[in-house]
Amino acid sequence: MIPYILECVAFQLVFLLVYDLFLKQETFFQWNRVYLMGTYSVSLLLPWMKIEALRTTLPNQYALNPRFLLSLDEVILTTDASKNTFSSVSWQEGVFLLGIVISLLLFSLKIYQIITLKRNGSVHRFSEYTRVIVENSTIAFSFFKSIFLGDRVAKKDYENIIQHELVHIKQGHTWDLLFFELMRIIAWFNPLVYLYQNRTSELHEYIADAQVAKTNKKEQYQLLLSQVFQTQHISFINPFFKTSLIKKRIVMLQKTKSKKVSQLKYLVLIPMLLGMLVYSSCIADKEGNTVIPLNEQVKIIYEDGTKIFTLDINDLDFVTEEETKSQNDLLNKLSIAKETALIKMVDKEERSILIQVEEGTIVSMKVEKNIGDRVNFKMENTTPFSIVEQVPIFPGCEDAEDKRACFNEKMQLHISKNFNYPPDAQEKGIQGRVNALFLIATDGSIQDIKVRGVDKMLEDEVERIILRLPKMKPGESNGQKVGVPYSIPVTFKLQ
């Protein structure tokens, strides 16, 4: 979520800078209104929009890790939210929620102020709007189809003010400001949403002034604006008399209408949007993880003219997240460059996997030294799960068209169904990943279960779940029954 927020803010900052530098002083008020509303909305969508051809990560079938020969995707187990209290909410989440609550209260107070003004005022209904006369006041603003006027405003000014406010009403300016008010509630921490709302409010006044000035004497209208009046400080209304805006509105009324050729400035949006799309497509993979550069784990040598990348892995059975990212990054770079090379992953016990890549595509894999020796598997007649010709058949998958996919699905379902978060682990706030490795033997039974994780309670729970696996039809290669080693990471989360 934080990377998404940062991207949104970065895009909004660029859009606002372009507006202030190139568009703000132009008299294309309606175009600028569309620009502000559109770019803010687009900034919320851009981080989710990816151009597949520009991704710097591999398609799923290539985004492998050293467990590829053995395992399926990680299984994440969480406690039932109904069993948890506010103690599971982090302080960051608490601050975020508190900000939303305060923003909602402030918004409710503003609504209450308007309702109170209307209730205490003198209401007069017309075909296009409702006029509310407020006693002992010089306010003048509109909210949806209601125009609020103080009884101290000179009667001779009513016509110009009402014409001005009717422009706000007919063009639905209140909706624009309420949109940003909603954004202020959700993203109260983002200063740019306040700037967007301020810029939009200014534009509304320029639009209404320009409309009224067409049918009234501009000099008389400017004289009206030059007076200082009381106004309500409510961010989502269109006040006629707002001291901080008066000078800007007079200057804009006197400004010569922009030439049509200046509309070409809006074309800057095209390269801007393309650049943002390239950025959002390239910096992250489908899981939202930033691609990291190659590090010191990778060694490059040449043998018989062939480039060989050697990755030092601590343990091929249990791979760290950093090691997985290093390998993914290397595979990504080879895919983008369409290179032909060999990738050799070697752990501290000199067990290794050799992956052959031709023009960026994985064409073969070879287990040079059996994975699982350290955990005493009976490896004399075993084949890794991902390359075994016929995978073990999980009960219920006998008639499945894709038995490998069915196996993975049934395995995840079994773990989720039999999962029971240890109560003591919940009380102590223990969570994290447990790596499980086991053998589906030639008779279909589950043997040699090995688990390693952050705490023994979680390890015991994973082992209990695996022990409950049903007997399966064993895997086969070259017509012979083989044992199939299988690993799976299980993550426990408290929420």
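Angles under 35 degrees count as roughly parallel, those over 145 as roughly antiparallel, those from 65 to 115 as roughly perpendicular, and the rest as oblique. The model is predicted, so that local features need pLDDT of at least 70 and side-chain atom pairs count only at pLDDT 80 or more, while totals for chains, interfaces and linings use all residues. Residues are numbered from 1 along each chain as its sequence is written, and side-chain values use heavy atoms, with hydrogens and water left out.

Helix H2 (residues 29–45) has 17 residues and spans 25 Å from first to last C-alpha, close to the 24 Å expected at 1.5 Å a residue.

| Helix pair | Axes come within | Crossing angle |
|---|---|---|
| H2 and H5 (residues 173–186) | 12 Å | roughly 30 degrees |
| H4 (residues 158–170) and H6 (residues 191–215) | 9 Å | roughly 130 degrees |

H2 and H5 are therefore roughly parallel to each other. Their contact (heavy atoms within 4.5 Å) is made by Arg33, Leu36, Met37, Tyr40, Ser41 and Leu44 of H2 and by His173, Asp176, Phe179, Phe180 and Met183 of H5. By class, this contact of H2 with H5 has seven nonpolar, two polar and two charged residues.

The angle between H4 and H6, roughly 130 degrees, makes H4 oblique to H6. In H4, Asn160, Gln163, His164, Val167 and His168 meet residues of H6 including His204, Glu205, Ile207 and Ala208. The residues of the contact of H4 with H6 divide into four nonpolar, seven polar and two charged.

Key:
Helix = DSSP H or I, 4+ residues; strand = E, 2+ residues; numbered from the N terminus. Expected span 1.5 Å × (residues − 1). Axes fitted to C-alpha atoms, helices over the stretch in contact; angles between N-to-C directions. Nonpolar A, V, L, I, M, F, W, Y, C, P; charged D, E, K, R; others polar.
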